[in-house]
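Trainee: Could you go through this model with me? I would like to start with the core and then move on to other topics.

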Amino acid sequence: DGKKDGRLLEYNENGNLIVRGNYKNDKVYGLNEMYWDNGNIANIAQYKNDRIVGSYMEFRENGVLVHKGSWVDGKRDGLVVYYFDSGKLKERTFYKDGKKNGQHEIYHINEKLREKGNYKDGNRDGLWKSYHYENGQLDIKSSYKVGKLDGIAEKYHENGQLQFKGNYKDGKLDGLAESYDENGQLTDQGNFKEDKEDGLWEFFNEDGALEKTITYKDGELVE
């Protein structure tokens, strides 16, 4: 009937094996392997009815592991890990039913933590933190609700001093916001309303003395 059934072997024009797998009733079934032209494994996975089930691994042409993870019925489910070209850890994320769900971590190429937080049904949720590349100090601390910034967010200078502090509501700046220099001195402060400057803003010099004030309405200067 022309349907594929049984062992499948495919070769490139040079006669090198590029696919080794199995079919059942014209669908990929069981262990399936794909190869680079140089003979190194490109990816390996278990299939059932054309869908990946169980573990999946993908490799670069030089043999270095790109990422690995677990699948259920064709969807990512469980821990998925990505790697840099060097083989160092790049990202660890948990999935459920094809969506990011649970702990998430990303690393800098220098192996220091770059970002961490949690997902819920594919959306950022709760406390998230990111870190500076060089010294690993806290860069940004913020909170999310259904994928949008919500609550107090803080950004820090590399020396650990607070750089910015503001409040978010439904993904937009709303309420008091403050900025600081690397010495911890307040440089300006004012209010936001739906992501726009609103009301009186104060600006300070490096000695902390009030330098000027500006009034905004809906992000526009009030003369």
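**Cores, shape and pocket**

Mentor: The largest nonpolar core has 13 residues, and those with the most contacts inside it are Tyr168, Phe192 and Trp201. A nonpolar core here is a set of buried Ala, Val, Leu, Ile, Met, Phe, Trp, Tyr and Cys residues joined through side-chain atoms within 4.5 Å, where buried means under 20% relative accessible area with a 1.4 Å probe, protein chains only. This is a predicted model, in which local features need pLDDT of at least 70 and side-chain atom pairs count only at pLDDT 80 or more, while totals for chains, interfaces and linings use all residues. Residues are numbered from 1 along each chain as its sequence is written, and side-chain values use heavy atoms, with hydrogens and water left out.

Trainee: Which elements give two or more residues to this core?

Mentor: Those elements are β17 (172–180), β20 (199–204) and β21 (210–217), strands being DSSP runs of E, at least two residues, numbered from the N terminus. Apart from this core lies another, of nine residues, among them Leu8, Val19, Val28 and Trp71.

Trainee: And what is Phe192 in contact with?

Mentor: Leaving aside neighbours within four places in sequence, Phe192 is in contact (heavy atoms within 4.5 Å) with Leu173, Asp174, Gly175, Ala177, Glu197, Asp198 and Trp201.

Trainee: Changing topic, how many helices and strands are in the chain?

Mentor: The chain has zero helices and 22 strands. Its C-alpha atoms fill a box of roughly 80 × 35 × 30 Å along the principal axes, and among contacts between residues at least 6 apart in sequence, 4% join residues at least 24 apart.

Trainee: Is Asn32 buried or exposed?

Mentor: Asn32, which is found in strand β4 (residues 30–35), counts as buried because its relative accessibility is 8%. Not counting residues up to four places away in sequence, Asn32 touches Val19, Arg20, Gly21, Asn22, Asn43, Ile44, Ala45 and Tyr47.

Trainee: What about the largest pocket, which residues lie nearest its centre?

Mentor: Ile140, Ser142, Tyr144, Leu149 and Ala153 do, out of 14 lining residues. A pocket is an open set of points on a 1 Å grid over the protein atoms alone where a 1.4 Å probe fits, with protein on both sides within 12 Å along at least five of seven lines, and lining residues have an atom within 4 Å of a point.

Trainee: Which element gives the most to that lining?

Mentor: β12 does, with four residues.

Technical notes:
Buried means under 20% relative accessible area, exposed over 50%, partly exposed in between (1.4 Å probe, protein chains only).
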